[in-house]
Amino acid sequence: MAELSKNAQKIMDLVKEMSAVELNQLVKGLEEEFGVSAAPLYSGVAGWAAAGGDAAAAKWADTANIELTEIGQQKIGVIKVVKEVLGLGLKEAKDLVEKAPTIIKENVKYEEAEAIKAKLEAEGAKVTLK
């Protein structure tokens, strides 16, 4: 971590002592005061929501990680979809699919992640968005 000025270190020490509810209030106050947004990434939303954040915000995150949890019975179809979606060669797609459960794509816009999930599930795979 970068070296902090005395003022920055004081603020950091105060933040460390705050509860999740107080941190949430602080973030909202900073957003209003400076006209900015502190939107969380999808991967961190679950912990943020559990710590007292807005559960509705967790549900409507902007991005997702796509995890291939099970290949299913139509392995070749799943490999073809992964090859197409990721732009991989046949061997690379096959190797990735055979590693299931594995993350196949990270930080994808949620709408695109849903579309990819639907394609994979149509081939019999089980997919989780995280």
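Predicted model: local features only at pLDDT ≥ 70, side-chain atom pairs only at ≥ 80, totals over all residues.
Let's start with the overall layout. The chain holds seven helices and three strands. The chain has 130 residues, and 24% of them are buried.

How many residues of H1 are buried? Of its 12 residues, the number is zero, so H1 lies largely in the open. You can find this helix at residues 6–17. From the first C-alpha to the last, H1 reaches 17 Å, which is close to the 16 Å expected at 1.5 Å a residue.

Now let's move to strand S1, residues 63–70, where we find Asn65. Is Asn65 buried or exposed? Asn65 counts as buried, because its relative accessibility is 14% and the cut-off for buried is under 20%. Its side chain reaches out to the backbone nitrogen of Asn107, at 2.8 Å.

Thr63 also sits in strand S1. With a relative accessibility of 17%, Thr63 counts as buried. And here Asn107 comes up again: Thr63 and Asn107 are 44 residues apart in sequence, yet their C-alpha atoms are 5.2 Å apart in space.

So let's look at Asn107 itself. Where is it? Asn107 belongs to strand S2. At 49% relative accessibility, this residue counts as partly exposed. Its backbone deserves a look too: Asn107 is not a glycine, but it has a positive phi of about 50 degrees. As background, most residues other than glycine have a negative phi, and most peptide bonds are trans.

That brings me to a peptide bond to look for on your screen. Ala100 and Pro101 are joined by a cis peptide bond, with omega at about 0 degrees. Pro101 is in the loop between H6 and strand S2, and that strand covers 102–109.

Next, the charged pairs. How many salt bridges does the structure hold? There are eight, and I'd like to walk you through some of them.

One is between Glu70 and Lys126, whose closest N and O atoms are 4.0 Å apart. Glu70 lies in strand S1 and Lys126 in strand S3, residues 126–129, so the pair ties together parts that are 56 residues apart in sequence. Glu70 is partly exposed, with a relative accessible area of 41%. Lys126 is partly exposed as well, at 47%.

Another joins Lys75 to Glu98, and here the closest N and O atoms are 2.6 Å apart. Lys75 belongs to helix H5, residues 75–86, and Glu98 to helix H6, residues 90–98, so this pair ties together parts 23 residues apart in sequence. Lys75 counts as partly exposed at 32% relative accessibility, and Glu98 is partly exposed with a relative accessible area of 36%. Lys94 joins in here too: Lys75, Lys94 and Glu98 are linked in a network of salt bridges.

A further salt bridge runs from Glu84 to Lys119, with the closest N and O atoms 3.0 Å apart. Since Glu84 lies in helix H5 and Lys119 in helix H7, residues 110–122, the pair ties together parts that are 35 residues apart in sequence. Glu84 is exposed, with a relative accessible area of 53%, whereas Lys119 counts as partly exposed at 39%.

Let's stay with those two helices for a moment. In general, two packed helices are described by the angle between their axes and the distance between the axes. What is the angle at which H5 and H7 pack? The angle is about 155 degrees, and their axes are 8 Å apart. That makes H5 roughly antiparallel to H7, because angles over 145 degrees count that way. H5 passes H7 in a right-handed crossing.

Note on methods:
Residues numbered from 1 in each chain as written. Heavy atoms only, no water. Helix = DSSP H or I, 4+ residues; strand = E, 2+ residues; numbered from the N terminus. Buried < 20%, exposed > 50% of the residue type's maximum accessible area, 1.4 Å probe, protein only. Polar contact = N/O pair within 3.5 Å; in protein donor to acceptor, adjacent residues only side chain to side chain. Expected span 1.5 Å × (residues − 1). Salt bridge = Lys/Arg side-chain N within 4 Å of Asp/Glu carboxyl O. Axes fitted to C-alpha atoms, helices over the stretch in contact; angles between N-to-C directions. Parallel < 35°, antiparallel > 145°, perpendicular 65-115°, else oblique. Left-handed = near helix turned anticlockwise from the far one by under 90°.
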